[in-house]
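Please study the sequence and the structure shown here before reading the notes. The briefing is arranged by topic.

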Amino acid sequence: MLTTGKKTSLGGGRRVRKYTKERAVKRCPFVASAEVIEVGTGTKLSARTSEIGVGGCYVDALNPFNLGTAVTVKIVRDQGAFQAKAKVVYSDPSFGMGLAFEALDLEQRTILENWLAEIVLAGRAG
């Protein structure tokens with residue numbers, strides 16, 4: 001069987017790509033409001049996340065930023081907010097973009113780790 005290293009399938013009405021190179025850090029399903037701001041121009045994009053992990057997140061957006069764009073991302077959940085500098089590491093027009101977080105300060109990393117712990121614990125309870 002010939003493989004191209006990339007598989008495309010449908011999932012929830014959205015095209016999902018599977019690359020042979022897996023992420024270094026696993027992402028968990030996570031839906032929350034997100035504001036992504038392009039550092040160079042100040043262009044704001046209001047969107048939502050669908051996945052998050054210690055290393056980054058996926059943002060659903062109809063008009064995602066281009067690959068390599070430096071951004072800041074603010075994710076709001078319940079009464080808390082997480083903010084980080086990030087870089088667009090992949091972009092899928094009309095679907096969204098993958099963001100890789102850059103150096104997180106201790107406070108922001110703690111917020112993110114607490115959210116991830118809640119997700120893991122909720123998954124075990126269900």
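This is a predicted model: local features need pLDDT of at least 70, side-chain atom pairs count only at pLDDT 80 or more; totals for chains, interfaces and linings use all residues.

Residues are numbered from 1 along each chain as its sequence is written, and side-chain values use heavy atoms, with hydrogens and water left out.

**Overall fold**

- The protein chain has 126 residues, of which 32% count as buried; buried means under 20% relative accessible area, exposed over 50%, and partly exposed in between (1.4 Å probe, protein chains only).
- The accessible surface of the protein chain is about 8,200 Å², and 54% of this surface belongs to carbon and sulfur atoms. Such areas come from the Shrake-Rupley method with a 1.4 Å probe, and for residues only the protein chains shown count as cover.
- Of the contacts in the protein chain between residues at least 6 apart in sequence, 51% join residues at least 24 apart; contact means heavy atoms within 4.5 Å.

**The nonpolar core**

- In soluble globular proteins, nonpolar side chains tend to be buried together.
- A nonpolar core is a set of buried Ala, Val, Leu, Ile, Met, Phe, Trp, Tyr and Cys residues joined through side-chain atoms within 4.5 Å.
- The largest nonpolar core has 26 residues, and V36, I52, V73, I75, M97, L99 and F101 touch the most other members.
- Two or more residues of this core are given by each of strand 3 (28–38), strand 4, strand 5, strand 6, strand 7 (80–92), strand 8 (96–101) and helix 1.
- Strand 3 provides the largest share of this core, with five residues.
- When neighbours within four places in sequence are left aside, the residues in contact with I52 include C28, F30, I75, F101, L112 and L116.

**Aromatic rings**

- A pair of aromatic rings is described by the distance of the centres and the angle of the planes.
- Rings of Phe, Tyr and Trp (its six-membered ring) pair if their centres lie within 6.5 Å; planes under 30 degrees apart count as stacked, over 60 as edge-to-face and the rest as tilted.
- By this rule, there are four aromatic pairs.
- In one of these pairs, the ring centres of F30 and W115 are 5.3 Å apart and the planes are at 25°, so the pair is stacked.
- This pair links distant parts of the chain, since F30 lies in strand 3 and W115 in helix 1, 85 residues apart.
- F30 is buried at 4% relative accessibility, and W115 is buried at 6%.
- One aromatic cluster is formed by F30, F82, F101 and W115.

**Salt bridges**

- The structure holds three salt bridges, each being a side-chain nitrogen of Lys or Arg within 4 Å of a carboxyl oxygen of Asp or Glu.
- D60 and R48 form a salt bridge in which the closest N and O atoms are 3.4 Å apart. D60 is in strand 5 (residues 56–60) and R48 is in strand 4 (residues 44–52), twelve residues apart.
- D60 counts as buried at 14% relative accessibility, whereas R48 counts as partly exposed at 41%.
- In the salt bridge between R77 and E118, the closest N and O atoms are 2.8 Å apart. This pair joins strand 6 (residues 70–77), which holds R77, to helix 1 (residues 106–125), which holds E118, across 41 residues.
- E118 is partly exposed, with a relative accessible area of 41%.
- E113 and R109 form a salt bridge with closest N and O atoms 2.9 Å apart. Both residues lie in helix 1, four residues apart, about one turn of the helix.
- E113 is partly exposed at 36% relative accessibility, and R109 is partly exposed at 35%.

**Two individual residues**

- Q108 is found in helix 1 and counts as buried at 12% relative accessibility.
- The side chain of Q108 reaches the backbone nitrogen of Q83 at 2.7 Å.
- L62 is located in the loop between strand 5 and strand 6 and is exposed, with a relative accessible area of 65%.
- L62 and F95 are 33 residues apart in sequence, and their C-alpha atoms are 5.5 Å apart in space.

Conventions: A polar contact is a pair of N or O atoms within 3.5 Å; within protein, one must be able to donate a hydrogen and the other to accept it, and residues adjacent in sequence count only if both atoms are side-chain atoms.
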